[in-house]
Amino acid sequence: MISTPNGGRFLDAVAGFETAVRERDGQRSQHAMQEIQQHYGDAAEGEFVQAGPRLAALLADVPPGPRALVAVLTGACVEQGADATACAPYVFDGLAEALTGAGEFCERWAATGGGDLPEPDDGSLDDTMVERVGQDAALAWCTLPQWEMASVAMLNHSAVRAQLAERRPQLLAALRPVQEASGHDFKCLDHALLVLDDEPLIALHRPTGTGYALRMSGLADNFQLHTLLADALVGGGHIEGRAPSAEEVAVCRDAPGQVPTTGSFNLVTPGGEWVWNEGTPADIPVVDGVRLLVLDPPPYERGWPAGRFFPGMTGALVLERVLDARETRGWLEHCAPAK
């Protein structure tokens, strides 16, 4: 039996919420939700492990208003040790519905006069908004940041990203028109859905004419990729330059915090366009089934805080082998001359 600091009141509240939701008792559901929030801070790890999947399984039965809050609490339980793969399918069902509703919100807002959209996270559902777009669309828009938060908690886990592989393109396709119509980038959700795992990468260092086969997982942006590339190639003794410190590398893998670093390359596509550090590894073009990246000398010194965009996501970049001269020449044939 698990001994808990508050005598199991957190799980008692979860059980009360389950009963109230299944009996469609709104007043009791609201009271139980308040109890869950009140006792969350005193719960033991074992309680979170139990509560996460139980809360997730209720999501479809919770009314649209409080549903996003239940998703956030589910994500919080996952961050405290609950099984993300058991919770994620329910959360992404809710995310898909919220994205559809947010898309309708943007369309109806434009069709009813346009103008600046209200902030999606201000928690308000004023009468004017509901009158213009309808309550369901307004709720979807206002709760989308909560669905973003819950979804990122799931996507921090590589097993969830693998589980969601076939569905991620659909979610991104639903997110894109919302971003374009609203001007809100929902950057955390966007970056988390774009994370690649076990992804081959060919990096060509143009100044030395050398090539490298690498494999990346859990890298949320190209700042993180850039630092780990410098570690693998400069720190590994393959090319000259500034190697990042052990601390700079660690915070890009799994250590907490951020530390200053300086760029070693200019990341370029085979066609000659810059691959911005602010972007993601998914921006790197695929050539003959492999992402192909060119490393040119940096045109000026650039610094940034080395670290992870998602502190809960482990990053990895592994150098699998150095390409021989013939292979490297073959890949370089796909590349435009340096600009």
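User: Is Cys106 buried or exposed?
Analyst: This is a predicted model, where local features need pLDDT of at least 70, side-chain atom pairs count only at pLDDT 80 or more, and totals for chains, interfaces and linings use all residues. Residues are numbered from 1 along each chain as its sequence is written, and side-chain values use heavy atoms, with hydrogens and water left out. Buried means under 20% relative accessible area, exposed over 50%, and partly exposed in between (1.4 Å probe, protein chains only). At 6% relative accessibility, Cys106 counts as buried.

User: How many disulfides are there?
Analyst: A disulfide is a pair of cysteine sulfur atoms within 2.5 Å. The count by this rule is zero. Cys106 is in no disulfide, and its nearest cysteine sulfur is 11 Å away, in Cys142.

User: How many salt bridges are there?
Analyst: Side chains of opposite charge can pair when their charged atoms come close. Here a salt bridge is a side-chain nitrogen of Lys or Arg within 4 Å of a carboxyl oxygen of Asp or Glu. By this rule the count is 15.

User: Which residue forms a salt bridge with Asp197?
Analyst: Asp197 sits in the loop between helix 10 (187-194) and strand 1 (199-205). Helices (H or I, at least four residues) and strands (E, at least two) are DSSP runs, numbered from the N terminus. The closest N and O atoms of the pair are 2.6 Å apart. The partner is Arg161.

User: Is Arg161 buried or exposed?
Analyst: Arg161 lies in helix 8 (residues 158-163). Arg161 has a relative accessible area of 2%, so Arg161 is buried.

User: Which helices does the pair Arg253 and Asp231 tie together?
Analyst: Arg253 forms a salt bridge with Asp231, with the closest N and O atoms 3.2 Å apart. The two residues are 22 residues apart in sequence. Asp231 lies in helix 11 (residues 222-235) and Arg253 in helix 12 (residues 246-253), so the pair ties together helix 11 and helix 12.

User: Where is Trp274 found?
Analyst: Trp274 is partly exposed, with a relative accessible area of 35%. Trp274, Trp276 and Tyr300 form a nonpolar patch on the surface. Patch residues have over 30% relative accessible area and no salt bridge; like charges are joined within 9 Å, nonpolar side chains (Val, Leu, Ile, Met, Phe, Trp, Tyr) within 5 Å. Trp274 is found in the loop between strand 4 (266-268) and strand 5 (286-287).

Notes:
Areas by Shrake-Rupley, 256 points an atom, 1.4 Å probe, with all protein chains shown as cover.
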